[in-house]
Amino acid sequence: MLQKVRSLGLQGISGYEVTAECDLSGGLPNFEIVGLPDAAVKEARERVRAAMKNNGYPFPVGRITVNLAPANRRKSGTLYDLPILVGILAAAGQLTWSDPHCAFVGELSLSGTLRPVVGMLPMALAAREAGIQRLYVPADSAPEATLAQGLTVYPVETLAQLADHLTGRESISPAPPWSGELEELPCPDFSEVRGQEQVKRVLEIAAAGGHNAAMIGPPGSGKSMLARRLPSILPPMTRREALEATQIHSVMGLTSREHPLLTQRPFRSPHHTISAGGMAGGGNPYPRPGEISLAHHGVLFLDELPEFHKDVLEVLRQPMEEGKISVVRSAASETYPSRFMLLCAMNPCKCGWYGHPSGRCRCSPAQVKKYLGKLSGPLLDRIDLFAEVPPLDFENLSDRSPGEPSAAIRARVTQARAIQSQRFGPDGPHCNAAMGQKELRQFCVLDEDSQALMKGAYEHMGLTARSYDRILRVARTIADLDGDEKIQTHHLAEAIQYRETVYFQG
């Protein structure tokens, strides 16, 4: 007898519909799964067999063939355990059930309890698009599945509970839509930072416009401390941004029953020993998202920037421009979103003390040049804001008066983002840093004095066409923070000053 059960699959960060076709026929006992399954899918045979026996269901004797259609797409993971088991029970006549508008997803333990699966949100979104109305998932995955909206999600704890529900003996109550607020996780506050007012200003501009920024200074000047406080001033995510970021984290298994939705912008800080594949994404045989995709709609913080391998830094160039990355492998190719804000911190030389008033730097000019030369011109050209972080003097360190709190800075940042959202509309760029040529021509018009200032900067600083556009974007953000409709000369002058740093001159 043949029984078809609807299920879902995962490819990259997108879900798609899968049909588990279970056929029972006479012949020597055999259990075969086809449809390009990987090892984890093939091992479902033993999990299904044990779960059935441990729940009082006799395992059918004969030839069992399970086809996971479409058969030309590779299947991976343990999420097909539940649809395979339901299909076998129905085909063997041990479960009377028929509902063409439902689907099953879940991993089985040997005792018949269900374990959560990764990628539940993108699969639930795919189920809604496929016209599926009812979705049976492990109880721990149910809150995430409800984020898709438009589905009736049934949280299943055990096989026995599911069988009672399908046969009408005892119904499972649908999972209520997850209604957790976009709560703010505790973050270090800017009020704890002594001095460094110019660097705080740079980070405020970067947060307001989504701009890339770099901090350069000797050890102990506060670069990492300032970077760790950046999340406390970032604007809250919109619902759409939260869902997009959550899909990526869900595929990587970084969500949970208690926190199915990202409520705060991601802040990723990989170690400088990371590989190019770990940064951009990859893996065999199926490519997985890397750090730049996990930082989507958030911040990618690279501490000790010159210590990263050159090939790791160079993979950032294209995603920083396009907001996405295509990972191509022999078995598959995937495109992942990667619209992140890059924040870098670095020392001015190998020993770290170049330019320090103590004069303790041991590096020769050639060594300093070699150290900074690890960073390519095209990469530096994609950084909008450069901030020098000088060493603090004793007066600043001994000052116990609190600085401006993060809440006050965040209020200005959020207001500036609201101006940008209203300006661009729902289908336009999400922030000033993402403006294209059309938006630059429309919203970054310079008056005569500003044109003269920009011309002088372009000629004397050796700017490129890319850096010219980036200065305009930063100036637009500074004007938004001031609440000005047009870019004024002092907005442009401030943007230009953050473009130049003595460490990279000449």
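Select helix H7 (residues 197–209) together with helix H17 (residues 406–424): the two pack at an angle of about 35°, and their axes lie 8 Å apart. Axes here are lines fitted to C-alpha atoms, for helices over the stretch in contact, with angles from 0 to 180 degrees between N-to-C directions. Helices (H or I, at least four residues) and strands (E, at least two) are DSSP runs, numbered from the N terminus.

The model is predicted: local features need pLDDT of at least 70, side-chain atom pairs count only at pLDDT 80 or more, and totals for chains, interfaces and linings use all residues. Residues are numbered from 1 along each chain as its sequence is written, and side-chain values use heavy atoms, with hydrogens and water left out.

Remaining on the helix pair, display the side chains of Glu 204, Ala 207, Ala 208 and Gly 209 in H7, and of Ile 409, Arg 412, Val 413, Ala 416, Arg 417 and Gln 420 in H17; these make the contact (heavy atoms within 4.5 Å). By class, this contact of H7 with H17 comprises five nonpolar, two polar and three charged residues, where Ala, Val, Leu, Ile, Met, Phe, Trp, Tyr, Cys and Pro count as nonpolar, Asp, Glu, Lys and Arg as charged, and the others, Gly among them, as polar.

Next, select strand S10 (residues 213–216). Met 346 in S17 is the bridge partner of Ile 216. Strand S18 (residues 385–388) also pairs with S10 in the parallel sense, over four bridges, and there Phe 386 is the bridge partner of Ala 214.

Proceed to the open sheet of three strands in the order S5-S8-S9, with parallel pairing. Strands S5 (102–104) and S9 (152–156) stand at the edges, each with a single partner strand, so one side of each lacks a neighbour in the sheet. Five bridges connect strand S8 (residues 134–138) to S9, and Leu 135 stands opposite Val 153 in S9.

Finally, select Glu 107 in strand S6 (residues 107–108). Glu 107 is buried, at a relative accessible area of 16%. Its side chain and that of Thr 78 are joined by a polar contact of 2.8 Å; a polar contact is a pair of N or O atoms within 3.5 Å, and within protein one must be able to donate a hydrogen and the other to accept it, while residues adjacent in sequence count only if both atoms are side-chain atoms.

Conventions:
Two strands pair if DSSP finds at least two bridges between them. Buried means under 20% relative accessible area, exposed over 50%, partly exposed in between (1.4 Å probe, protein chains only).
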